[in-house]
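Colleague: Could you walk me through this structure? I am new to the entry and would like to begin with the annotated part.

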Amino acid sequence: MSHWLVCGAGHWGTALAVYLAGRAIPTQLWGHRREHLPGMGGDLAPIFPGVPLPASLQITAELEPALTDAEVWLIAVPSHALRGLLRRLRGSMVPSPIALVLASKGLELDTGARLDEVVAEEFPGVPLLVLSGPSFAQDMLAGRPLAMTLAGRDDDIREAIRQRLRSAQLRLYPSADVAGVCLAGAIKNVLAIAAGICDGLGLGESARAALITRGLAELQRIGTALGGQPETFTGLAGAGDLILTASSNLSRNRRLGVALGQGLGLEAARAQIGEEVEGVRSSRALYGLALRLGVEAPISEQVYRVLYQGESPQRASVALMQRGLEGAAPIMPHRDMG
Ligand SMILES: NC(=O)c1ccc[n+]([C@@H]2O[C@H](COP(=O)([O-])OP(=O)(O)OC[C@H]3O[C@@H](n4cnc5c(N)ncnc54)[C@H](O)[C@@H]3O)[C@@H](O)[C@H]2O)c1
Ligand SMILES: O=P(O)(O)OC[C@H](O)CO
């Protein structure tokens with residue numbers, strides 16, 4: 001019998017696999033390190049200790065057997081592991097899936113490529129869908145309501161997968177803007193680090209609201225320059241995910257920023273969180289892209305300087321407050337306003 005294969009047994013992959021299994025979709029979850037796999041002791045420890053392992057969910061560290069009869073691949077590995085995983089999947093010589101659903105967020109560090117571009121390079125012709133939007137693994141696992149975007153260029157395949165995935169818990173809005181949805185998920189992580197720094201410095205809730213609003217303008221500016229549609233950045237995958245990540249302490253990106261604002265160094269802050277913080281790598285790639293395109297990206301630039309150039313969070317905040325207004329474009333300018 002065919003099944004869905006979830007690749008990446010961290011928090012997100014595990015939550016997605018539990019969700020799929022709960023929807024009566026035959027599901028296997030693959031993780032690359034046997035010793036880190038959830039579900040080996042009857043519950044989902046070490047990822048979600050105390051949460052029972054669903055009887056119908058198979059968890060494995062063996063990729064090749066899990067690929068046999070896998071009709072959909074759902075990818076939830078960290079962005080830095082994506083290309084390597086895709087090459088491994090390609091090398092396995094199994095038939096291509098009906099669809100590859102990308103649930104990771106980030107940019108490829110060395111190339112600055114969007115993750116959909118990485119998939120297209122490694123698997124040209126495989127129908128790609130991107131699942132993104134405000135969604136903590138913990139909320140999905142707890143059965144709380146989520147609304148997300150499912151992007152894909154093939155209407156029929158996107159609708160077929162949307163029907164399989166949607167439920168009373170998960171509302172899925174279709175989009176054709178694959179590039180924009182990928183970019184939004186990557187850029188919002190960098191902006192969430194900025195919001196965390198702002199709170200770590202104790203600058204107050206008014207400052208955080210201003211940062212999120214200007215962050216949204218920056219997200220839209222960079223995102224459209226890189227090929228996304230403006231409306232994507234004000235939707236769930238853009239504004240929705242930015243608001244969640246910049247304001248909730250469940251966000252690893254935001255928590256890293258808080259730790260930096262409170263005076264911790266980057267490596268100490270990363271170690272304190274102990275999970276993937278995608279915005280750290282994406283910040284480097286994003287800064288390079290913004291420079292190359294000549295796009296005004298003041299918040300992303302200050303995050304980059306704090307992470308990689310030893311800039312102090314205090315000085316970064318002063319720099320944002322005192323910069324000129326030349327590049328400060330409004331959000332979604334009305335056509336008549338020019
Ligand atoms: N956690 C969430 O709520 C959430 C929600 C939406 C999207 N995401 C995205 O999902 C992706 C994964 O995040 P996460 O929360 O699961 O991170 P995590 O830190 O919980 O887990 C990362 C997992 O990736 C595995 N891994 C590392 N290198 C690997 C490799 N080379 N091959 C295979 N697996 C490898 C690790 O063993 C670990 O299990 C990120 O891009 C993140 O932005 C996370
Ligand atoms: O914990 P974060 O900061 O990686 O955010 C998780 C998700 O991307 C939220 O939608």
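Colleague: How far apart are the end C-alpha atoms of residues 6-155?

Modeller: The end C-alpha atoms of that span lie 23 Å apart, and the span is 27% helix and 26% strand. Helices (H or I, at least four residues) and strands (E, at least two) are DSSP runs, numbered from the N terminus. This is a predicted model, in which local features need pLDDT of at least 70 and side-chain atom pairs count only at pLDDT 80 or more, while totals for chains, interfaces and linings use all residues. Residues are numbered from 1 along each chain as its sequence is written, and chains are lettered from A and ligands numbered from 1 in the order in which they are written.

Colleague: Which UniProt annotation covers residues 6-155?

Modeller: The unreviewed UniProt entry gives "domain: Glycerol-3-phosphate dehydrogenase NAD-dependent N-terminal" for residues 6-155. UniProt positions follow the numbering used here, feature names are shortened, and annotations may be inferred rather than shown by experiment.

Colleague: Where does UniProt place the feature "binding site"?

Modeller: The unreviewed entry places that feature at K105, G133, S135, K188, D241, S251, R252 and N253.

Colleague: Which residues are closest to ligand 2?

Modeller: The closest are S135, D241, S251, R252 and N253, out of 13 residues that surround ligand 2. A residue is near a molecule if its C-beta atom, placed from the backbone, lies within 6 Å of it. The elements that give two or more residues to this shell are α7 (178-200), α10 (236-247) and α11 (252-261), and the largest share, 3 residues, comes from α10.

Colleague: Why does ligand 2 lie between domain 1 and domain 2?

Modeller: Domain 1 (4-176) and domain 2 (179-322) both give residues to the shell around ligand 2, so ligand 2 lies between them. The domain bounds come from an automatic or database domain assignment.

Colleague: Is S135 buried or exposed?

Modeller: S135 is buried, because 22 other C-beta atoms lie within 10 Å. The cut-offs are 20 or more other C-beta atoms within 10 Å for buried, 12 or fewer for exposed, and partly exposed in between, with C-beta atoms placed from the backbone. S135 is found in the loop between β8 (128-132) and α5 (137-141).

Colleague: Turning to ligand 1, how many residues surround it?

Modeller: 27 residues surround ligand 1, and the closest are G10, W12, A81, E275 and E276. α1 (11-22) and α3 (82-91) each supply at least two residues of this shell, and α1 gives the most, with 3 residues. Domain 1 and domain 2 each contribute at least three residues to the shell around ligand 1.

Colleague: Changing topic, which peptide bond is cis, with omega about 5°?

Modeller: The cis peptide bond joins A45 and P46. P46 is found in the loop between β3 (43-44) and β4 (48-52).

Colleague: And what is phi for A24?

Modeller: Phi of A24 is near 65°, a positive value in a residue other than glycine. Most residues other than glycine have a negative phi, and most peptide bonds are trans. A24 lies in the loop between α1 and β2 (27-30), and A24 counts as exposed because it has 8 C-beta neighbours inside 10 Å.

Colleague: What about D69, where is it found?

Modeller: D69 is found in the loop between α2 (63-67) and β6 (70-75). Phi of D69 is near 65°, a positive value, and D69 is partly exposed, with 14 other C-beta atoms within 10 Å.
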